[in-house]
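This report covers a pocket, a helix and the salt bridges of one structure. The sequence and model come first.

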Amino acid sequence: MASQRVFQLGLRRAGVPSLTKVHTAGRMVQRRLAATQHVPEAEGQQILAKQRLNRPNSPHLSIYRPQITWYASSLNRITGIVLSGGLYVFGLAYLAAPTLGWHLETQSLVAAVASWPVIAKVAAKMAVSFPFVFHSLNGVRHLSWDVGLGFKNITVMQTGWAVVGLSVAGSLYLSLFA
Amino acid sequence: MASIMRTGLLRPAFQSPAASSRMLSTFASASASATIKRSSPLAHQLRPQFVRSTIPKTTRVAAFHATRRTQILPPLPQKIQGTVNDPAPVPHPEYTHGSYHWTFERLVSVGLVPLCIAPFAAGSLNPVMDATLCALLVLHSHIGFESCIIDYIPRKRLPVLRAMADWALRIGTVLLGLALYSFETNDVGITEAVKQLWHA
């Protein structure tokens with residue numbers, strides 16, 4: 001066949017050390033124009049450690065598309081920290097109050113809050129009730145996942161938005177009407 | 001298919017030293033077997049009219065930076081540990097830190113659900129229920145803060161800060177337990193206190 005002839009001719013052409021046709025792999029040798037020097041391993045690791053400080057960080061939270069999944073998860077953690085942090089702070093302050101001369105028993109606290117303007121009371125109630133209701137409802141959502149319910153993506157989104165809506169409604173009710 | 005009769009078609013495929021050397025980042029060694037000198041007029045003719053001139057200047061400059069110039073949490077002083085051939089360290093499994101901890105955490109959370117609804121339904125709680133609520137709240141808060149510390153202060157990167165955070169949390173939890181016990185005993189208890197403050 002003609003293809004066999006071409007192949008043989010190609011081999012013959014490659015075999016001939018010709019000035020015009022042959023290109024060996026040596027033509028593509030990488031040529032480094034910089035001189036190198038020997039560096040002991042410890043110093044090399046120092047260079048690497050210093051270079052690591054210059055490495056950029058990939059963006060993560062700033063580029064991830066906002067979704068109810070991870071927004072609700074971070075809000076769950078934030079509300080939990082707010083509530084528990086407040087409890088811890090109150091507990092430590094209550095223990096330290098006699099030493100510091102503060103009055104944190106119920107009587108003094110109620111008297112102080114009673115003297116606030118209505119808007120301050122409503123704002124304080126919303127600031128406490130929204131985290132509480134959201135964290136509780138989202139906690140139930142988490143517990144349902146722990147027993148294996150509600151894992152379909154559409155269900156996760158629906159329950160997430162339901163928790164947000166119910167939290168807003170619940171905290172409004174508790175702040176204004178309860 | 002190029003035929004042996006038409007070898008002229010095959011010749012251009014071999015005859016492109018100048019163009020190929022320009023496209024590659026490695027230099028082709030100008031050895032004695034080089035056919036066309038890079039500076040010769042023939043090389044200029046064979047060199048492809050490259051695409052560079054067709055890219056507008058504006059898009060050639062990389063103006064997009066995904067990282068800010070000064071980082072919010074700059075990297076800590078780096079220490080090279082081990083070599084690239086060392087396997088990733090596998091932690092020793094402990095049931096108390098793993099499966100049992102998980103189960104205990106869920107049990108506490110489940111227990112908190114009725115205890116948080118009951119005050120709304122019944123007005124206030126009797127001291128035993130209140131004490132149970134306090135205990136579960138203390139445990140739940142401790143476990144929650146522990147997860148935050150584990151997530152944000154890795155032991156390998158910040159050993160001292162992690163140890164300090166762990167101990168600060170333990171001491172804080174013990175003090176909170178004492179505080180709530182004192183509040184329960186000498187004062188009205190948390191459900192009654194919240195109720196009074198709410199209707200102040």
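## Second largest pocket

The lining of the second largest pocket comprises 34 residues, and A:N57, B:L73, B:P74, B:P75 and B:R157 are the ones nearest its centre. Two elements give two or more residues each to this lining: helix 2 (41–52) of chain A and helix 6 (127–152) of chain B. Helices here are DSSP runs (H or I, at least four residues), numbered from the N terminus. The space in the pocket amounts to about 1400 Å³. Sorted by class, the lining holds 17 nonpolar, 10 polar and 7 charged residues; Asp, Glu, Lys and Arg count as charged, Ala, Val, Leu, Ile, Met, Phe, Trp, Tyr, Cys and Pro as nonpolar, and the others, Gly among them, as polar.

A pocket is an open set of points on a 1 Å grid over the protein atoms alone, where a 1.4 Å probe fits, with protein on both sides within 12 Å along at least five of seven lines; lining residues have an atom within 4 Å of a point. The volume is the space filled by probe spheres set on the points, which are joined across faces, edges and corners.

## Basis of the model

The model is predicted: local features need pLDDT of at least 70 and side-chain atom pairs pLDDT 80 or more, while totals for chains, interfaces and linings use all residues. Residues are numbered from 1 along each chain as its sequence is written, chains are lettered from A and ligands numbered from 1 in the order in which they are written, and side-chain values use heavy atoms, without hydrogens and water.

## Salt bridges

Over all chains there are 5 salt bridges (a side-chain nitrogen of Lys or Arg within 4 Å of a carboxyl oxygen of Asp or Glu). B:D151 pairs with A:R77, with the closest N and O atoms 2.6 Å apart. The pair joins two chains, since B:D151 lies in helix 6 of chain B and A:R77 in helix 3 (residues 68–100) of chain A.

B:D166 and B:R162 form a salt bridge at 3.3 Å, N to O, and both are buried. Another salt bridge links B:R106 and B:E105 (3.8 Å, N to O).

Terms used
Buried means under 20% relative accessible area, exposed over 50%, partly exposed in between (1.4 Å probe, protein chains only).
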